[in-house]
Amino acid sequence: MAFVTKARISLILLLCLVDRNGCERTGPFNPAEALVKAKNAAAGKLGPDVKTFNVLDYGAKANGKTDSSINFIRTFKAACNFRGNAMMVIPKGDFLIGPIIFQGPCFNPSSLIIQANGIVKAQDDLSYFTGGADDTDWITFQSINGLILSGTGTFHGQGAKAWKYNDCAHKSHCVRLAANFKFNKVNDAIINGINSIDPKGFHIMVTVCRNFRLLNLKLQAPGDSPNTDGIHISKSTVVKIAHCVIGTGDDCVSMIHGSIDISVNKVICGPGHGFSVGSLGHYDDEADVNKIVVTNSSLTDTTNGVRIKTYKTDSPSKASSIFFTDMIMNRVKNPIIIDQEYGNRHSTQTSKVSISDVRFVNIKGTSISKVAVQFLCSKSNPCEGIQMNNIDLQYVGPPRDQQPFESNCTNAKVSYVGLQNPPPCR
């Protein structure tokens, strides 16, 4: 069957998923209860009041060769439209699917559970992903209130053949490749325990979401895979990431415009580009970034450690209340960095993004660069309220490098408390 025909059939099925007159999950979301429910689902201990919908019963083939996209969509449609507690099951086995959209709202009185224990692979042919940067990712969840995606399953994006087509390193307005997961307008959600391997683009995108938790995830791609961010957050509030292992080719966690009340705790990062706030100022009328906390995490052999980056553009916004605490750096190239000349250093413009109230607390480990702390801030919007508290980094780069181990600050107002290694900016 030609790909165009497949796409048309999928679109018709997707339109059938939406019942504008349907009800959505009611009642407050209790994250602790939802997490227990996710763990019970993983252990097969759900009560008899939960009806299961297995993709095999809807025609999916676990042979790793037959495209089961339509069968996955039909299974989700049945579970989502069920007027009781429901669980969609992806059992052990190898499944192949192209781009699909799981579209709400759903009818379930409690969070819809998707229990994934199998290996799900994406079509590796890019002709399946022709909807454009923001129209076609691999697996999209959209407009759902109450979702639990849990299990030991693996989602393999088969991105190796696609990476050579990524040109984002050379173009600021590039066409990004398909993410393994995109969550759009998904509220009250827990993503727990799953594995993501070799996406064509990002591993996980979270956009326009609220009250969203990502726990115990393993995200893996080669260190040289382009633009394969681990978890990429935008226009979302109350997002919590914890106990994840992320090794990829770009930022382990990136938080861009509209990210508010985001916490990252106990995440192991490496390889990759570290933890990043930004890029900011890339688009017109960007929403502010506020209340970002990254703590109790480690980075090994990453390009950057903790970073805030903005473009030199005329788009004004604010980034404030950003805390990086209790971090361990292992052979990191740029452990602590604020870069407000990202992407266009030779431009005469200055960044209109205001950065304030940023704290780096209890950060220790090793740097392979002699400039372990760099604050390159905007002349028109100097960084304000930057605090360095107990920084203990050691140089482990080439021994013949005679440059002093140092900090470098431009247009930044920095205060210091406790131990400072490298020494403070002069």
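The chain contains three helices and 28 strands. The model shown is predicted.

**View 1. Overall dimensions of the chain.** Along the principal axes, the C-alpha atoms occupy a box of roughly 70 × 45 × 40 Å. The radius of gyration is 22 Å, which agrees with the value near 22 Å that a compact globule of 426 residues would have. Of the 426 residues, 53% are buried. Among contacts with a separation of 6 or more, 78% are between residues 24 or more positions apart.

**View 2. Surface and charge of the chain.** The accessible surface amounts to about 17900 Å², and carbon and sulfur atoms contribute 51% of this area. The chain carries 44 positive and 34 negative side chains; the centres of these two sets are 4 Å apart.

**View 3. Position of Thr248.** Thr248 is located in the loop that connects β16 (237-247) with β17 (253-255). Its relative accessible area is 0%, and the residue is therefore classed as buried, the limit being under 20%.

**View 4. Polar partners of Thr248.** The side chain of Thr248 forms a polar contact of 3.4 Å with the side chain of His203.

**View 5. Residues touching Thr248.** When residues up to four places away in sequence are not counted, Thr248 touches His203, Ala221, Pro222, Gly223, Ser225, Thr228, Asp229, Gly230, Pro271 and Gly272.

Methods:
Residues numbered from 1 in each chain as written. Predicted model: local features only at pLDDT ≥ 70, side-chain atom pairs only at ≥ 80, totals over all residues. Heavy atoms only, no water. Helix = DSSP H or I, 4+ residues; strand = E, 2+ residues; numbered from the N terminus. Buried < 20%, exposed > 50% of the residue type's maximum accessible area, 1.4 Å probe, protein only. Polar contact = N/O pair within 3.5 Å; in protein donor to acceptor, adjacent residues only side chain to side chain. Contact = heavy atoms within 4.5 Å. Rg over C-alpha atoms; globule rule 2.2 N^0.38 Å. Areas by Shrake-Rupley, 256 points an atom, 1.4 Å probe, with all protein chains shown as cover. Lys, Arg positive; Asp, Glu negative; His and termini not counted. Charge placed at Lys NZ, Arg CZ, Asp CG, Glu CD.
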